Amino acid sequence: MYHIEKNTVQETLIIPLYGRKVCSEHFPDLFKDPEAERICGMLDYDFAEKGKKMESAAGLFGALEVAQRQYDLAWEVKDYLKKNPDAAVVNLGCGLDDTFRRCDNGKCRGYNIDMSDVIAVRNELLPENDRERNLAFDLNDETWMDEIDCSNGAVLFASGVFYYFKTEDVKALFQKMAKRFPGAVLVFDSCNRRGAKMMTKTWLKEAGISDVGAFFSLEDKDEIRNWSGDFADVSAKSYMRGYRDIYKDVSLFHRLMIKFCDGFVKMQIIKITFK
Ligand SMILES: C[S@@+](CC[C@H](N)C(=O)[O-])C[C@H]1O[C@@H](n2cnc3c(N)ncnc32)[C@H](O)[C@@H]1O
């Protein structure tokens, strides 16, 4: 059994991992995820409380969100690999997410980056292989960029990560990535200030995380358009409907939640193309 430290930012990886497992059980036609099921079974973590919460209608919507977000980001990775089959695929704040393996075309190279304690667990459950590396770095320490071979392009993605960053740190990170990885694409999920506040009150409070001051949030993609002269384009799509529209496949309650997330919380997948 492998241990995840409680009351840390690292513990937040449990939420999407468990959400994917729950989705896999409840919506197998949409999100079959045997890896999430396998990994949850191998962690020394008390899922009982999270389990109860996620079985409610609102909890199941949270599960749908995290599974859909992974689907969206994997779609973007595969799309980039069509034109750049040998590219670097970089999972920023990877937790125990296996998106690289889902998108692997047999040629690209994967880099999974997270804090050292997460990487230690990852090395046991999702070990490296000849084209996939697990890297222990704080993303705010830019030396991780030296490890990435971007000579054949790069697609970088972050799933549920920047909510734990201060806006100024996200900005500095984006500016550095844009300089270091010309021609690359960065994709990530975002929500507006209202959504970030709701998250602080629920998920983060539950995880006992109180050490992050200002959370990154976006009302509109254009807020970051001018962050760097190295951005060629910034685009946004609905998180729940922009890639695969599951509106008709879910219950009335979940349809209302989708509308709420699109309109009121502005849950989006943002894509930045670097010059
Ligand atoms: C909500 S989890 C998401 C995990 C994974 N992306 C997924 O979707 O399953 C957030 C992850 O970001 C990582 N993280 C947060 N801040 C980080 C930082 N400064 N450097 C590296 N990883 C970080 C955490 O350790 C955690 O694994």
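Author: The chain holds nine helices and nine strands, where helices (H or I, at least four residues) and strands (E, at least two) are DSSP runs, numbered from the N terminus. Its radius of gyration is 18 Å, close to the 19 Å that the globule rule gives for 275 residues, so the chain is as compact as a globular protein of that length; the radius is taken over C-alpha atoms, and the rule is 2.2 Å times the number of residues to the power 0.38. The C-alpha trace spans about 45 × 40 × 40 Å along its principal axes.

This is a predicted model, in which local features need pLDDT of at least 70, side-chain atom pairs count only at pLDDT 80 or more, and totals for chains, interfaces and linings use all residues. Residues are numbered from 1 along each chain as its sequence is written, and side-chain values use heavy atoms, with hydrogens and water left out.

The part to look at is lysine 50, which lies in helix α3 (residues 48-54). Lysine 50 has a relative accessible area of 13% and is buried, meaning under 20% relative accessible area, with exposed over 50% and partly exposed in between (1.4 Å probe, protein chains only). Buried residues make up 53% of the 275 residues in the chain. Glycine 19 is 31 residues from lysine 50 in sequence, and the two are 9.4 Å apart in space, C-alpha to C-alpha. Across the chain, of the contacts (heavy atoms within 4.5 Å) with a separation of 6 or more, 73% are between residues 24 or more positions apart.
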